[in-house]
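Good morning, and thank you for coming. Please look at the model on the screen while I speak.

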Amino acid sequence: MKNLAAFSIGLIGLLLVGCSAGDGIERFHLAGTVTYQGQPVPAGEIQFTPNSRAGNSGPGTIVKIEDGHYETQPGKGVLGGAYGVRIVGYDGKANSESDLGVSLFLPYGEAVTLPKEDSTLDFNIPGK
C-alpha cells in the first residue's frame, strides 16, 4: 500500500506538471508495447520522469496502457534524453475496488535513454 500511495502522489505531481500542452517545449511521440510474462498487459500506466541527475529536466508524462499498447498523446510526448520509467499493470477486469482490475505485478521501473525524435520503445516485464 505504501508503494501505491507513493506512486499515486508521483502521478498527481506529474499530471500537474506534464499535462500543460502548449508550453513551447518540443516533445516527441513515443509508442510501444508492454508485456508481462510474454503476454500483453491489458491495462495500466507508464510514467516517464526525466532524469535530472543525467541533465534531463522538464515535464514528465503519463501514458495509459490498453491491450498491451501505449502511445503518447499529441503535445504530451517526451523530450528525449535520460528517463526513469515506472510501469503499473492490471488484468483489466473491473471490480469493486478498481476499474482497472487486479494488479499483475509490483510497480516495475527501469532507466532508459530516449532519442530526440519520434520513436518506439517496447517493455517486457519479467515474471516472478
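Predicted model: local features only at pLDDT ≥ 70, side-chain atom pairs only at ≥ 80, totals over all residues.

Residues are numbered from 1 along each chain as its sequence is written, and side-chain values use heavy atoms, with hydrogens and water left out.

Let me begin with the rings. A search of the whole structure finds five aromatic pairs. Rings of Phe, Tyr and Trp (its six-membered ring) pair if their centres lie within 6.5 Å; planes under 30 degrees apart count as stacked, over 60 as edge-to-face and the rest as tilted. The pair of Tyr36 and Phe105 is tilted, because the planes stand at 40°, with the ring centres 4.9 Å apart. Tyr36 belongs to strand 1 (residues 30-36), whereas Phe105 sits in the loop between strand 6 (81-90) and strand 7 (108-114), 69 residues apart. Strands here are DSSP runs (E, at least two residues), numbered from the N terminus. Both Tyr36 and Phe105 are buried, that is, under 20% relative accessible area with a 1.4 Å probe, protein chains only.

A second pair, Phe48 with Tyr83, is edge-to-face, at 6.4 Å centre to centre and 85° between the planes. Phe48 lies in strand 3 (residues 43-50) and Tyr83 in strand 6, so this pair ties together parts 35 residues apart in sequence. Phe48 and Tyr83 are buried. Ring pairs also link these two with Tyr70 and Phe123 in a cluster.

Next, strand 3 itself. How many of its eight residues are buried? Six are, and strand 3 is thus mostly covered. Strand 3 runs antiparallel to strand 4, joined by six bridges, and antiparallel to strand 6, joined by eight; two strands pair if DSSP finds at least two bridges between them. Phe48 has Thr61 as its bridge partner in strand 4, while Gln47 has Arg86 in strand 6.

Finally, where does Asn56 lie? Asn56 is in the loop between strand 3 and strand 4 (61-66). Asn56 is buried, with a relative accessible area of 9%. Its side chain reaches the backbone oxygen of Gly80 at 3.1 Å. Not counting residues up to four places away in sequence, Asn56 touches Pro50, Asn51, Gly80, Gly81, Ala82 and Tyr83, where contact means heavy atoms within 4.5 Å. Among them is Tyr83, the ring partner of Phe48.

Technical notes
Helix = DSSP H or I, 4+ residues; strand = E, 2+ residues; numbered from the N terminus. Buried < 20%, exposed > 50% of the residue type's maximum accessible area, 1.4 Å probe, protein only. Polar contact = N/O pair within 3.5 Å; in protein donor to acceptor, adjacent residues only side chain to side chain.
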